[in-house]
Amino acid sequence: MKAKKLLTAALAAMMALGAMTVDSQAATRAELASISVGKSGKFQYWEKKSEAKAALINYVKDVTNKSSKNYIPVEDRIAVFDVDGTLMCETAPFYFDWMLPMYRVNNDPTYHATPAERRATAEWRAAIESHTVTDAMDDVKAGMFPKMFQGMTPAEYKTYVKNYINTTYVEGLSNLKTGEAFYMPMVEVVSYLNANKFTVYIVSGCERETLRALVDGIMKIEPNHIIGSDHSWQTAKLGNNRPDQFVYEPSDELERGGSLRDVNVKTNKIYAIEREIGKKPVLAFGNSMGDSSMFNYTLQDNKYRSAAFVLLCDDLKRERGNLKTAEKIAQAAAKYGWTTVSMRDDWTTIYGDKVQREN
């Protein structure tokens, strides 16, 4: 009961903080949700002469045309998307599932962080600012994150994430709330694929329940089509019992556990696709070499015409682009046959015209 009161107080504190912030000048979540691209592919936020847009439209028209030799039946039109850096911002200043636990430790007045958590998050912050995040830090984060939210019910955690994204702002970009940091042109892509009867899945390294809260109300992607890293579960009355030998009673309650179960990155993504989808995708969208396994798997020995699109974060004015990284990924795309999407050259806007890089 005490834990429940603390959670309620935490949510109330977050909502009060949000009431003091200025109005965002980015596209709101409601505006993002209203983005719609019909079957014919009339995009609003892509440059008219974008070769990447043309490649996507030509592909979709070909594989949905029953007269084409490349026709794909509706049930096999599977498209998979990474999230951070593909559907939403990952650069201001870092991945969402790093920023959330740092907020929990350092900005949530109702959470009593341990000294180890405070030391770790201070180290993460310094490393993010100096671009020196290590795999060892990632391992520490993976161990700490689940414990920070252990005991929350699914509904409580979803409410916490939604309040966080609606009351905090990303860093380094002007007037952009965390929950509004979706790429408007990519929301269009999801809408376009929906209109052409593709089934869209998210396949991300971000924690699954976090993703479900982020995406909810923005894009038409069902919760069971969201695949991410998994934290453990428990029930309030489980105690030291084994779940496979314990019966859940009506008086019990499902809660988040305190450990990591799976990290859905790199080659693990293709394992997850086979395990949870059971079909090879025909389209894959990502933004980094971490998505290369998913790209190559989609293109390799596919019985249907397939394609992979990789985003280049090369915009230095409207985003916190990195030209060296973008060039490295472009070289890999040329080698492996991925289609590149330039944020700078292919998109008329990213988050809305009033959002700009601050430093």
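Visitor: Which residues of α3 are buried?
Guide: This is a predicted model, to begin with. In α3, the buried residues are A52, K53, L56, I57, Y59, V60, D62 and V63.

Visitor: What do they pack against?
Guide: The buried residues of α3 pack against α8 (184–195), β5 (283–286), β6, β7 and α13 (343–346).

Visitor: How far apart are the end C-alpha atoms of α3?
Guide: They are 18 Å apart. With 13 residues at 1.5 Å a residue, α3 should span 18 Å, so the two values agree.

Visitor: And what sits at the start of α3?
Guide: S50 does. A side-chain oxygen of S50 comes within 3.4 Å of the backbone nitrogen of A52.

Visitor: Let's move to W46. Where is W46 found?
Guide: W46 is in the loop between α2 (29–33) and α3 (51–63).

Visitor: Buried or exposed?
Guide: W46 is buried, because its relative accessible area is 6%, and buried means under 20%.

Visitor: What does W46 touch?
Guide: Leaving out residues up to four places away in sequence, W46 touches A52, K53, P185, M186, E188, V189, V341, D346, W347 and T348. Take T348: it is 302 residues from W46 along the chain, yet their C-alpha atoms are separated by 5.4 Å.

Visitor: Which backbone oxygen lies 3.0 Å from a polar atom of the W46 side chain?
Guide: That of P185.

Visitor: Now α12. Which of its residues are buried?
Guide: In α12, A326, I329, A332 and A333 are buried. They share one side of α12, because they cover an arc of only 125 degrees around the axis.

Visitor: Why would residues three or four places apart point the same way?
Guide: An α-helix has 3.6 residues a turn, so residues at that spacing point the same way.

Visitor: Which exposed residues are on the face turned away from the buried side of α12?
Guide: K324, K328, A334 and K335. The buried residues of α12 pack against β6 (307–312) and β7 (339–342).

Visitor: What caps the N-terminal end of α12?
Guide: N322 is the cap. One of its side-chain oxygens lies 3.1 Å from the backbone nitrogen of K324. After α12 comes G337, with a positive phi near 90 degrees.

Visitor: What is phi of H131?
Guide: Phi of H131 is near 60 degrees, a positive value in a residue other than glycine. H131 is in the loop between α5 and α6 (135–148). H131 is exposed, with a relative accessible area of 72%.

Visitor: And phi of N175?
Guide: Near 55 degrees, again positive in a residue other than glycine. N175 is in the loop between α7 (154–167) and α8. N175 is partly exposed, at 25% relative accessible area.

Terms used: Residues are numbered from 1 along each chain as its sequence is written. This is a predicted model: local features need pLDDT of at least 70, side-chain atom pairs count only at pLDDT 80 or more; totals for chains, interfaces and linings use all residues. Side-chain values use heavy atoms; hydrogens and water are left out. Buried means under 20% relative accessible area, exposed over 50%, partly exposed in between (1.4 Å probe, protein chains only). Helices (H or I, at least four residues) and strands (E, at least two) are DSSP runs, numbered from the N terminus. The arc is that of the directions from the helix axis to the C-beta atoms. Contact means heavy atoms within 4.5 Å. A polar contact is a pair of N or O atoms within 3.5 Å; within protein, one must be able to donate a hydrogen and the other to accept it, and residues adjacent in sequence count only if both atoms are side-chain atoms. The expected span of a helix is 1.5 Å times one less than its number of residues.
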